[in-house]
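Thanks for coming, everyone. Let me put the structure up, and then we'll walk through it.

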Amino acid sequence: MSFTPNIQAFCCHYTSQQTLAEGPQGLLADGFPKSVTIHRLVCTGKLEVSTLLKAFEDGADGVYVAGCPADKCHNLMGSQRAAKRVGAIKKALAELGVEPERIEMYHLERGFHPDFVKAAQEMDERITTLGPSPFQGGTK
Amino acid sequence: MIIAERKPLNEIMNMVQDAKRILVLGCRGCVTVCSAGGEREVEILASLIRLGKQKAGQEVSTIEATLVRQCDKEYIDSIDQWDGQYDAIVSMACGVGVNFIANLRPMVKVYPGVNTSSFGGSAEQGVWSEQCAGCGNCILHLTGGLCPVARCAKSLMNGPCGGSVDGRCEIHKEVPCIWQAIHDKLVRIDKADQLAAIAPIRDWSTAGHGGPRKTMRNDLTV
Ligand code: SF4
Ligand code: SF4
């Protein structure tokens with residue numbers, strides 16, 4: 001049976017400029033997978049661990065964060081902070097017996113860049129291979 | 001402050017395996033400052049517990065709350081507002097909080113969400129180091145303000161032991177030998193003669209070796 005993953009992407013303003021420039025149709029034409037929903041933020045440094053966990057609670061099979069290159073963040077350390085939080089969730093997922101690869105941090109060049117599409121494709125492929133989230137979602 | 005760290009999740013999930021409704025209870029004191037059990041950590045742990053239960057295919061609901069402190073009766077009293085709404089409490093306060101809930105609410109199932117490790121301070125962002133062991137008979141006036149009870153691997157009263165190399169402890173190479181630091185400090189403040197005095201054998205009964213300790217202030221009791 002084919003499985004279409006539910007992937008939630010949290011991207012900073014600078015790495016996701018492509019979405020603004022091209023719009024959703026343009027992105028699809030570039031090969032951006034339909035499975036990925038983009039949430040744009042002013043800076044990934046603003047992301048809370050709880051926001052990323054909530055995405056899993058709400059049924060995401062995979063989650064990723066796209067921020068600036070670690071040493072070239074528009075807000076100096078925002079993407080480094082986000083990477084640490086993603087790391088903390090990887091550890092927590094492993095403790096719960098869930099594949100830590102279901103969450104990932106990408107450091108991407110700012111501006112209009114094909115890597116933005118590549119990261120989404122990589123996650124789409126990875127999560128499709130891993131299969132549905134072991135968290136059933138929905139119960140609270 | 002009291003330093004603590006969240007327990008491994010599998011341990012916590014085991015504690016709450018029979019509970020369907022869980023009160024995750026933080027504390028605004030020390031554990032908020034050391035990012036182990038404040039409001040933010042309560043939100044994260046509650047979410048992780050729900051995810052763990054979802055994975056196990058079990059129903060769960062959580063209440064998230066954070067008390068001003070969990071080491072005073074009047075704050076513990078405020079948990080009565082959730083009476084009948086939870087099967088168990090996971091306290092993210094230090095061990096004192098868990099004990100206080102257990103003392104004051106004998107029918108409540110309360111579990112520790114953190115491991116309480118030491119009395120310490122923030123060494124740098126995200127790093128805390130032990131400074132005092134609460135020995136109940138402070139000798140910092142003799143040691144230049146640096147504690148050999150907590151910070152010497154052997155808790156020596158007449159140090160150094162002779163094993164330190166380049167100012168590092170022979171037990172933990174990454175830790176400075178506190179007796180070397182005490183020596184340097186006393187020389188610096190012109191109190192090196194204190195080093196010649198031999199500390200007598202210590203009575204450790206104040207350090208908890210004589211059973212649980214109690215502090216009583218007659219001027220404050222009612
Ligand atoms: S001597 Fe005792 S009370 Fe003083 S800092 Fe050391 S452990 Fe704490
Ligand atoms: S090397 Fe220094 S800190 Fe380490 S055990 Fe000896 S006296 Fe204590």
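**Where the two chains meet**

Start with B:R50, which makes a salt bridge to A:E57, with 2.5 Å between the closest N and O atoms. By salt bridge I mean a side-chain nitrogen of Lys or Arg within 4 Å of a carboxyl oxygen of Asp or Glu.

A word on the model. It is predicted, so local features need pLDDT of at least 70 and side-chain atom pairs count only at pLDDT 80 or more, while totals for chains, interfaces and linings use all residues. Residues are numbered from 1 along each chain as its sequence is written, chains are lettered from A and ligands numbered from 1 in the order in which they are written, and side-chain values use heavy atoms, with hydrogens and water left out.

Back to the interface. How many salt bridges cross between chain B and chain A? The rule finds 2. It also finds 6 residue pairs in polar contact across this interface, both residues at pLDDT 80 or more. A polar contact is a pair of N or O atoms within 3.5 Å; within protein, one must be able to donate a hydrogen and the other to accept it, and residues adjacent in sequence count only if both atoms are side-chain atoms.

Nonpolar covers Ala, Val, Leu, Ile, Met, Phe, Trp, Tyr, Cys and Pro; charged covers Asp, Glu, Lys and Arg; the others, Gly among them, are polar.

**Inside chain A**

Now A:G62, in strand β3 of chain A, residues 62-67. A:G62 counts as buried because its relative accessibility is 0%; the cut-off is under 20% relative accessible area, with a 1.4 Å probe and protein chains only. A:G62 and A:I127 sit 65 residues apart in sequence, yet 6.2 Å apart in space, C-alpha to C-alpha.

**The ligands**

Last, chain B's ligands. Around ligand 1 are residues including B:C132, B:C135, B:C138 and B:C147. "Around" means a heavy atom within 4 Å. That shell has 8 nonpolar, 1 polar and no charged residues. The ligand 2 shell has 9 nonpolar, 1 polar and 2 charged residues.

Conventions
Helix = DSSP H or I, 4+ residues; strand = E, 2+ residues; numbered from the N terminus. Buried < 20%, exposed > 50% of the residue type's maximum accessible area, 1.4 Å probe, protein only.
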